[in-house]
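User: Could you walk me through a few local features of this one before I set anything up?

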Amino acid sequence: MSELCIEAVGPTMAGRIAELASEIWREHYPAIIGRGQTDYMLARYQSPAAIVAAMESGYRYCLMRCGHRPVGYLAYRIADGALELSKLYLRAAFRGRGWGRSAFAWVEARARAAGVSQVYLRVNRHNHGSLAAYAACGYRRVRDVIDDIGGGYVIDDHIYAKEL
C-alpha cells in the first residue's frame, strides 16, 4: 500500500483531508453519535487548523488513494513505546473491500520499522462495523474510556490494541 498511501504535510493537504473527513463523517457518524456531535467533532478535530496543529505536534497524516482518487486517510504517531493509530477513515464505497486490512498492514509495518511492538486505537463503542473490522485484523479490546470533550458531548470509546 506504500504507493497508495502518501504522507500529507502542510496546510493544503490538511485542507484536502478536512474535506474528505467532512464527507466521511457526515455519512457515517450521525447514526452513531448524532448530527450535533458529528458537526462539533469535525470543527474541533477535523478542521484544516486542527489537522495542521496535530501534524505540528507529531502526528503523521497519510492520504489513501485509488489511482488519483482519495479513498480515505489515516493519522498516527509513535509515543510511549507504541504506535497510536489516531485516525483511520474510509469513504463508504471502499469499506469492506480490503482497504482497512491493507491500511492496518501498512501501519503495523511502520510500527515495526520504528521498533515498537504495539498498535492501539480508540473506537466508539457503538461503531459496530469498525469494531468487527478491528477484531478481524487481530485487535482486541483492552479498556474503555469516556471523555468529556466539551460542548455537552462525551466520547464513549473502547481502546483496542494489537501486539506485533
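What follows is a short exchange about selected residues and helices.

Analyst: Gladly, with the caveat that this is a predicted model.

User: Where does arginine 44 sit, and is arginine 44 buried or partly exposed?
Analyst: Arginine 44 belongs to helix 3, which covers residues 35-45, and arginine 44 counts as partly exposed because its relative accessible area is 42%, between the 20% and 50% cut-offs.

User: What does the side chain of arginine 44 make a polar contact with?
Analyst: The partner is the side chain of tyrosine 40, at 2.9 Å. Once neighbours within four places in sequence are set aside, arginine 44 is also in contact with Ala50, Ile149 and Gly150.

User: And how far is it from arginine 44 to glutamate 163 in space?
Analyst: The C-alpha to C-alpha distance between arginine 44 and glutamate 163 is 31 Å, with 119 residues of sequence separation.

User: Staying in helix 3, is threonine 38 buried or exposed?
Analyst: Threonine 38, which is also placed in helix 3, is buried, because its relative accessible area of 1% falls under the 20% cut-off. A polar atom of the threonine 38 side chain lies 2.7 Å from the backbone oxygen of glycine 34, and, not counting residues up to four places away in sequence, threonine 38 touches Trp25, Arg26, Tyr29, Pro30 and Ile33.

User: New topic: at what angle do the axes of helix 1 and helix 4 cross?
Analyst: The axes of helix 1 (residues 10-28) and helix 4 (residues 48-56) cross at roughly 125° and come within 8 Å, which means that helix 1 is oblique to helix 4. The crossing of helix 1 and helix 4 is right-handed.

User: Which residues meet there?
Analyst: From helix 1, Gly10, Pro11, Ala14, Gly15, Ile17 and Ala18 meet Pro48, Ile51, Val52 and Met55 of helix 4.

User: What about the span of helix 5?
Analyst: Helix 5 (residues 99-113) has 15 residues and reaches 21 Å from its first C-alpha to its last, close to the 21 Å expected at 1.5 Å a residue. Its buried residues are Trp99, Ala103, Phe104, Trp106, Val107, Glu108 and Ala111, and just after helix 5 glycine 115 takes a positive phi of about 80°.

User: Which residue has a positive phi although it is not a glycine?
Analyst: Aspartate 80 does, at about 55°, whereas most residues other than glycine have a negative phi. Aspartate 80 is in the loop between strand 3 (69-79) and strand 4 (82-90), and aspartate 80 counts as exposed because its relative accessible area of 81% is over the 50% cut-off.

Note on methods
Residues numbered from 1 in each chain as written. Predicted model: local features only at pLDDT ≥ 70, side-chain atom pairs only at ≥ 80, totals over all residues. Heavy atoms only, no water. Helix = DSSP H or I, 4+ residues; strand = E, 2+ residues; numbered from the N terminus. Buried < 20%, exposed > 50% of the residue type's maximum accessible area, 1.4 Å probe, protein only. Contact = heavy atoms within 4.5 Å. Polar contact = N/O pair within 3.5 Å; in protein donor to acceptor, adjacent residues only side chain to side chain. Expected span 1.5 Å × (residues − 1). Axes fitted to C-alpha atoms, helices over the stretch in contact; angles between N-to-C directions. Parallel < 35°, antiparallel > 145°, perpendicular 65-115°, else oblique. Left-handed = near helix turned anticlockwise from the far one by under 90°.
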